[in-house]
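Have the structure open as you read.

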Amino acid sequence: MEKFNIAVVGATGMVGRTFLKVLEERNLPIENFYVFASKRSAGNTLTFNNKEYTVLELNEASFTDYKIDIALFSAGGGTSLKFAPIAAKSGCIVIDNSSAWRMDPNVPLVVPEVNAPDILKHNGIIANPNCSTIQAVVALNPLHKAYDINRIIYTTFQAVSGAGMGGYNDLSEGLKGNPPTKFPHPIAGNCLPHIDVFLDNGYTKEEIKMVEETRKILHAPELKITATTVRVPVFDSHSESINVEFNKSFELTELVETLKNGEGIILEDDVQNNIYPLALNAAGKDEVFVGRIRRDESVESGVNLWVVADNIRKGAATNAVQIAEWIIKNV
């Protein structure tokens, strides 16, 4: 089997370290492996497949000094805007976890279970969607194909790990009674309806991301979507209440079966035995868990879903590695 030179950019961050873990687990055919980060982290070592690698400083020569086939970026939007085109120009395929390229019409936005063929449209850069969008569209895609979605109402309950180590520390320190340093208010014992910045229309940037990214991934630019995103005092895994209205009628038993057969989905929907998706159970896993499936009796053809996934794995690192796997197998 052909082997590939793979790099991780932003390797010392929360998602970057998870890139390494997922790459180990999924055993990609790697010839040479490189880890890059900022000047501050350069010189440190990271362990990958039982071998130590020195963290290299990312600079404009990185992709000419080293022949890299695929680079997984998770170093922030500014870094991606600057260095992704440089990498792509050198012949490297960039899979970028920031929001920098997601809505660029020339950059595919990909969740492999949903729209893997869009990868073929890349010009050297492929965008990894927002964590909360990824798990939602994995659940929604088979339903959209079967029943033609007319409208989506998202309400999210997002873990602090989605805000990086700063968010993680705010919760752990807040539980000890210490004030926040990342969030504008305490997160311990609290819910913050405030993820990313507020826009002029009163929505947060996170809410608009979910709207726009869902439309792009599902190839449904006119789809009616609204969202409220909330940070909750949970360390790992995002939970989402998703209300969906369809253009076609459905039988609930068939809809449940459609979800059960959906790629990347694990059905947990036995309320009589208190079985439904939980953040604690999803942590550390790559699948999207769906349950609390019930007809919305306020509209002609609607359903309510509860969707949970590990936001650092499927919501970020695993999705990007799955894109890399698809490229290796198909391109």
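## The helix on the sheet

This is a predicted model, where local features need pLDDT of at least 70, side-chain atom pairs count only at pLDDT 80 or more, and totals for chains, interfaces and linings use all residues. Numbering starts from 1 along each chain as its sequence is written, and side-chain values use heavy atoms, with hydrogens and water left out.

Helix α8 (residues 252-260) lies across β11, β12, β13 (288-295) and β14 (302-309); contact here means heavy atoms within 4.5 Å. The helix runs at about 175° to β13, with axes fitted to C-alpha atoms (for helices, over the stretch in contact) and angles going from 0 to 180 degrees between N-to-C directions. Helices (H or I, at least four residues) and strands (E, at least two) are DSSP runs, numbered from the N terminus.

## A strand pair

Strand β9 (residues 149-158) pairs with strand β11 (residues 238-246) in the antiparallel sense, over 8 bridges. Pairing takes at least two DSSP bridges between two strands. Across this pair, I153 stands opposite N243 in β11.

## Rings

Rings of Phe, Tyr and Trp (its six-membered ring) pair if their centres lie within 6.5 Å; planes under 30 degrees apart are stacked, over 60 edge-to-face, and the rest tilted. That rule gives 12 aromatic pairs. In one of them, F157 and W306 have ring centres 5.5 Å apart and planes at 55°, so the pair is tilted. F157 lies in strand β9 and W306 in strand β14, so the pair ties together parts 149 residues apart in sequence.

F246 and F250 form an edge-to-face pair, 5.6 Å centre to centre with 75° between the planes.
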